[in-house]
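Trainee: I have a model open and some questions about it. Can we go through them one at a time?
Mentor: Go ahead.

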Amino acid sequence: MERKNGKQTFITLCVILVIGIGYIYQMAPSPVLGQIKDRYGIGNEALLNLAVSIVHPLTIGASLCGGVLIRRMGLYRMFIWTQVLLAAGILMNLAAGNYMVFLAGRVVYSAGFGLGIPFIGAAITSWYTGNARERMNTLNGMFPFIGTLISFSCLTPLSRQLGSLCHAFAIWAVPLVVLLLFWVMGVRRQDIPARPGEDQAQDKGVYGYLWKKQGIRLLCIIFMMDFFCYSYMVVILPTYLAEAAQMEASAAGLLAAAAFPAIGILGSMAGGILMSVTGRRKPILAAGQVLKLAGVLVLTLCLEHSLMMGIAGIIVFALGNGMWMPVMYTMPMEMDGMDDSRVGAAFAFMSSCGFLMGFISPILGGGLTNTIMGMAPLQDPVLRHVFGLKWSLFLFGFTNIAALVCALRIEETGK
């Protein structure tokens with residue numbers, strides 16, 4: 001997208017802020033799971049982890065539907081619906097007097113989050129070319145880490161300052177409502193540089209077309225394996241650090257934010273720079289999977305003996321996790337036969353596969369933690385919990401081997 005005037009810059013800024021806030025709230029319950037547990041009286045680990053993972057099922061449905069509807073709706077209308085649903089779901093925290101209402105708000109939010117996935121893919125493909133597209137894909141790869149960094153570092157202090165966890169969640173709807181008003185009043189359809197579908201036939205079999213492409217299938221599997229491990233780590237990391245290293249919850253949250261998402265941002269930047277400098281995609285994709293596996297092993301095997309080694313493991317994992325994300329978002333745009341709406345659908349397809357694993361893994365991880373705790377040769381309940389978290393995360397780390405095999409098989413798309 002050529003930024004010829006201030007309005008086009010404003011459109012880009014709106015997109016970045018809205019998608020970014022969506023990622024902030026995606027993992028927002030993770031650093032305050034202890035507060036949620038006390039507030040709603042939840043005693044089951046799997047049920048508690050649902051506070052994070054419940055967003056994934058409707059995100060899958062909304063993103064898949066959005067991948068088909070984007071030609072019919074256009075980018076302008078899809079962005080409006082993204083903002084409305086994100087804001088509505090987050091504002092429901094103000095009425096979350098019980099756990100079911102809290103979960104319902106998370107579900108409404110997830111519908112908007114899901115629509116945003118094909119939207120951002122189609123928008124980047126339509127509006128950007130060359131190095132500008134690579135920069136936007138790098139930023140898109142950084143969104144999960146930026147969102148997690150902000151939620152890890154801000155939610156606990158916000159809940160103290162505002163006097164309520166519900167208000168700490170709901171405050172993120174304020175900028176969304178403001179941006180929605182600015183968008184509706186200040187942006188018209190003709191201000192959008194391009195809309196998918198204006199000169200293209202309706203592609204009713206878009207997902208069948210995508211499934212026939214081996215590169216898309218392999219990227220789906222890689223993202224599934226990645227998100228299976230990543231989602232569980234994000235959910236348990238602040239608690240694992242606090243209990244294993246005997247730290248305050250707020251300090252553990254800040255340390256987790258510094259060592260995980262903050263380094264993930266640097267990893268995404270490194271991946272984007274390497275893409276631009278080398279013109280290659282496959283080596284970066286494979287290297288990311290190797291670093292993730294090494295990071296999980298170092299974290300789980302060393303944290304109880306050395307906090308510094310445990311943090312080093314988190315840093316290595318985060319570097320690998322960030323490095324390959326810009327590549328994942330760039331490769332579909334470079335495959336033969338891919339136009340803007342097909343890329344949007346590919347983003348929805350890949351993300352849906354990943355989010356399915358993101359929904360399953362914290363639940364399975366919670367159950368696995370409970371099972372392993374029963375086998376722990378320890379009496380102290382905290383140490384038993386640490387034992388369960390450690391070995392469940394250790395086992396989940398081996399999903400990165402399957403991701404590495406797929407990365408080695410994928411065809412290079414770089415020039």
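Trainee: Which side chain does Asn93 join in a polar contact?
Mentor: First the ground rules: this is a predicted model, where local features need pLDDT of at least 70, side-chain atom pairs count only at pLDDT 80 or more, and totals for chains, interfaces and linings use all residues. Residues are numbered from 1 along each chain as its sequence is written, and side-chain values use heavy atoms, with hydrogens and water left out. A polar contact is a pair of N or O atoms within 3.5 Å; within protein, one must be able to donate a hydrogen and the other to accept it, and residues adjacent in sequence count only if both atoms are side-chain atoms. At 2.8 Å, the side chain of Asn93 meets that of Tyr25.

Trainee: Which backbone oxygen does the side chain of Ser361 reach?
Mentor: Ser361 belongs to helix 16. Its relative accessible area is 0%, so Ser361 is buried. At 3.1 Å, its side chain reaches the backbone oxygen of Phe228.

Trainee: Which residue caps the N-terminal end of helix 17?
Mentor: Look for a side-chain oxygen 2.9 Å from the backbone nitrogen of Val382. That oxygen belongs to Asp380.

Trainee: How far apart are the end C-alpha atoms of helix 17?
Mentor: The expected span of a helix is 1.5 Å times one less than its number of residues. Helix 17 has 16 residues, so it should span 22 Å. The model agrees, with the end C-alpha atoms apart by 23 Å.

Trainee: How many disulfides does a search of the whole structure find?
Mentor: A disulfide is a pair of cysteine sulfur atoms within 2.5 Å. The sulfur of Cys166 is 18 Å from its closest cysteine sulfur, in Cys154, so that is too far for a bond. For Cys302 the closest cysteine sulfur, in Cys229, is 16 Å away, again too far. The search of the whole structure gives zero.

Trainee: Which helix gives the most to the lining of the largest pocket?
Mentor: On a 1 Å grid over the protein atoms alone, a cavity is a set of points where a 1.4 Å probe fits but cannot get out, and a pocket is an open set with protein on both sides within 12 Å along at least five of seven lines; lining residues have an atom within 4 Å of a point. Here 34 residues line the largest pocket, with Leu33, Gly34, Lys37, Thr239 and Glu243 nearest its centre. Seven residues of that lining come from helix 10.

Trainee: How much space lies in the second largest pocket?
Mentor: Grid points are joined across faces, edges and corners, and a volume is the space filled by probe spheres set on the points. The largest pocket holds about 590 Å³. For the second largest pocket, the value is about 220 Å³.

Trainee: Which residues are closest to the centre of the second largest pocket?
Mentor: Its lining has 14 residues. Helix 10 supplies the largest share, four residues. Closest to the centre are Gly215, Met335, Asp336, Glu411 and Thr413.

How values were computed
Helix = DSSP H or I, 4+ residues; strand = E, 2+ residues; numbered from the N terminus. Buried < 20%, exposed > 50% of the residue type's maximum accessible area, 1.4 Å probe, protein only.
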